Amino acid sequence: MTVQTQSPTPGSMTGQDHIDMVETYAAHNYHPLPVVIAKAEGVWVEDADGKRYMDMLAAYSAVNFGHNNAEIIDAVKQQLDKVTLTSRAFQNDQLGPMCRELADLCGMEMVLPMNTGAEAVETAIKTARRWGYKVKGVPQGKAKILCCSENFHGRTTTIISFSTDESCRDGFGPFTPGFEIVTYGDLVALESAIDENTVAFLVEPIQGEAGIIIPPDGYLRCARKICTEKNVLFIADEIQSGLGRTGKTLACEHEGVKPDVLILGKALGGGVLPVSAVVSSKEILGVFTPGSHGSTFGGNPLSCAVARKVIEILNRGTFQRAADQLGHHLLNRLTTLQSDKIKQIRGRGLWVGIEFKPEAGKAMDYCKKLMAEGILCKDTHEQTMRLAPPLCITKDEIDWAFDKLAKVING
Ligand SMILES: *Cc1c(COP(=O)(O)O)cnc(C)c1O
């Protein structure tokens, strides 16, 4: 087959050329804003034509510590010159320290490293099922995992099997059995859904994709208690909520809750690489035996070097404090908006959802207007705009962004 190409050469391409090329050659599984980012620093990104924007999405919280973070980039560069990939067939000198440091950061004992968030969720599911059979004594093939309404845990076939969002599932069946949905925030529903074959309750401490949905006070604490009483693993998916975003290292800390199994991803890779992990106890992760699970890239030395730098940064606590203080500042300013277009503003740390009333139009319309003002953010679930800037944002930058937001929302 011969392919005729009239495309411009990469160096001479305009922003529109890039958008056209993506339209032609990349599958249409996303609907991005029409901005082509060519470089970035801190909270700022620059498009192919040199226009600057404030990044208010931070790659869904994968860039918590800022674009091109000097310390993280330096750690990557140093490791690049040593060794990048060994596979787990051999040992490497970054894996052990990374696992120990991550376990310590989380107050846990053991780590199973993977790459993407979805892989870590899959790993947690496998952990819970095996624990159910080998430790709890559930009959083979009967393990049940409870998940929440409006959850988001990734895009694999098994994970979408328990999604309540039809657009994620349409055309992808048949689905994996063994999951049951309970209403998020409803403790009675949780307690009554548990039976003798229930091995785990999988929950986001705050639901990000659903629109920064914060459960009622005490929900996580009581759910934790129910799980303990019924010998069910409490699995917290902190892929988006964790690692500083909400003003604490883990969002579960806001309720003093320690999960049995913790799932991390996104920011663990410092905005450089996909790095994810399941963090838990020796007893629970001890269900894995050689050959029972794995990943070619999981635990590779380059990923581990990045994660170690991220953990070192988190151990200082500065980004958590910034997220807490600046998050309050942002929420305080937003609540002065008093717009009749807004249904609700929710937030914790530097993680805010602005939900618009149906009659005020779609959140996407506001995102487009904000883009014209030099701010990039994205809608989620049609009516909600998510604000999640890199945690290195300053108070002045938040005030600048607030003025633009006020103009777009009131204008
Ligand atoms: C992003 C996300 C995932 C999936 O992570 P990927 O790296 O995209 O596979 C899972 N759970 C939550 C809560 C997320 O926000």
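This is a predicted model: local features need pLDDT of at least 70, side-chain atom pairs count only at pLDDT 80 or more; totals for chains, interfaces and linings use all residues.
1. A quick word on terms before anything else: buried means under 20% relative accessible area, exposed means over 50%, and partly exposed is in between (1.4 Å probe, protein chains only).

2. Residues are numbered from 1 along each chain as its sequence is written, and side-chain values use heavy atoms, with hydrogens and water left out.

3. Back to that pair. Glutamate 71 and arginine 316 form a salt bridge, with 2.6 Å between the closest N and O atoms. (A salt bridge here is a side-chain nitrogen of Lys or Arg within 4 Å of a carboxyl oxygen of Asp or Glu.) Glutamate 71 sits in helix α3 (residues 70-80) and arginine 316 in helix α11 (residues 301-316), so the contact ties together parts that are 245 residues apart in sequence. Helices are DSSP runs of H or I with at least four residues, strands are runs of E with at least two, and both are numbered from the N terminus.

4. The pair also belongs to a network of salt bridges that links Glu71, Lys309, Glu312 and Arg316. Across the whole structure, the search finds 19 salt bridges.

5. Have a look at arginine 346 and glutamate 355 as well. Their side chains meet in a salt bridge (2.7 Å, N to O), and both residues are buried.

6. Now helix α9 (residues 219-229). Tyr219, Leu220, Ala223, Arg224, Ile226 and Cys227 are buried there. Viewed down the axis of α9, these buried residues fall within an arc of 165 degrees (taken from the directions from the helix axis to the C-beta atoms), so they line one face of the helix. They pack against β5 (144-148), α8 (187-193), β7 (198-203) and β8 (233-237), where contact means heavy atoms within 4.5 Å.

7. What is exposed on the other side of α9? Lys225, Thr228 and Glu229 are. Lysine 225 and glutamate 229 also join their side chains in a salt bridge (3.6 Å, N to O); being 4 residues apart in helix α9, they are separated by about one helical turn.

8. One backbone detail to check on screen: just after α9, asparagine 231 takes a positive phi of about 55 degrees.
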